[in-house]
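I am opening my notebook on a new model today.

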Amino acid sequence: MSAFLHDFAAFAEANGYHMFRVTEIQGGKSETLELHPAPRCQNSYSVAKVFTVTALGLLWDRGLLRMEDKITDILHRFLPKSLDPRWEAISVEDAILHKLGLPSGFLDIDVENCPAYGVDFLTRIFEEPLVTDPCRTYCYTDAAYYLLSRVVAELAGMPLDDFLRKELFSPLQFAEAAWTRCPKGHAMGATGLYLHSADMAKLGEVYLRGGLYGEKRIISAEWAQTVLKKSYELSPIADTGAWGKRGMYGQMLLISPHTERVVAFHGFSQKSIGDLNLFAARYE
């Protein structure tokens, strides 16, 4: 066992964090430690958003998508007749950055009553009254990433999860993976992605290596740099020089360029995992 995994486990236990397992990749070597027995395939919650961003990058690399493209242009055939005209200004990047104008937490299936949204989530989103100025005001909502899931499906010609299985999961040799789908059969995009910690870490390795996994080019170096520069769901962790994305109840994907380390973990903790993230980010 690596020194990092040993010390991470001790820190988590001493501070009351209930972690299932943690994976470290450093120097191309991956090692996973089980802290508490649990099924290997776990919900990654909002870490799923980084996978959706990666799917957008795959389309961007192929010239099929620009960040300034308008959501309504891409999804024009699904628009309701009574659409608020302010939707016409909202770009793909606005959705990535949670600047839709929708209420906070809208379409959060991990908290809210999912059947209350009906069977057509896309129409439900377009018909929801906007509560803030779109394109300008940040308001975190899972609806943004369901929209992006539908953008990927429209441009790739297949649902988001099928596209990533072909272009990411298979090349990186993921074990079993499953994504919660809406009643229309589309991956939620924002949450509900069930993965092994070791496979979640592989995506971090792609961003750490500028789009490469081993000798395989997965995404362009330019897209990898853009994601970090613009904080497309991978955001700086305090002043540590590391980047990361957390999920509800204790999930994390962390990238530490200065130590060339990727850390991914799943757990179930009711307390904030901020101190655990800082421990991992600052570990030399």
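**Entry 1: helix 7.** I looked up which residues of helix 7 are buried: Leu160, Asp161, Phe163, Leu164, Glu167, Leu168 and Phe169. They cover an arc of only 155 degrees around the axis, which puts them on the same side of helix 7. I keep in mind that this is a predicted model.

I then checked how enclosed helix 7 is.

What do the buried residues of helix 7 pack against? I found helix 2 (48-61), helix 6 (143-156) and helix 8 (197-208). Strand 4 (178-179) and strand 5 (193-195) are partners too.

**Entry 2: the cores.** I looked for the largest nonpolar core, and it has 74 residues. Phe51, Trp87 and Tyr207 touch the most other members. Leaving out residues up to four places away in sequence, Phe51 touches Leu164, Leu168 and Phe169, among others. Its other contacts include Trp179, Leu193 and Met200. I also noted a second, separate core of 21 residues, with Tyr17, Phe265, Ile273 and Ala281 among them.

**Entry 3: the whole chain.** I counted 10 helices and 11 strands. Of the 284 residues, 55% are buried. A compact globule with 284 residues would have a radius of gyration near 19 Å; the chain has 18 Å, so the two agree. The C-alpha trace spans about 60 × 40 × 35 Å along its principal axes. Last, I looked at contacts between residues at least 6 apart in sequence: 65% join residues at least 24 apart.

Technical notes: Residues are numbered from 1 along each chain as its sequence is written. This is a predicted model: local features need pLDDT of at least 70, side-chain atom pairs count only at pLDDT 80 or more; totals for chains, interfaces and linings use all residues. Side-chain values use heavy atoms; hydrogens and water are left out. A nonpolar core is a set of buried Ala, Val, Leu, Ile, Met, Phe, Trp, Tyr and Cys residues joined through side-chain atoms within 4.5 Å. Buried means under 20% relative accessible area, exposed over 50%, partly exposed in between (1.4 Å probe, protein chains only). Contact means heavy atoms within 4.5 Å. Helices (H or I, at least four residues) and strands (E, at least two) are DSSP runs, numbered from the N terminus. The arc is that of the directions from the helix axis to the C-beta atoms. The radius of gyration is taken over C-alpha atoms; the globule rule is 2.2 Å times the number of residues to the power 0.38.
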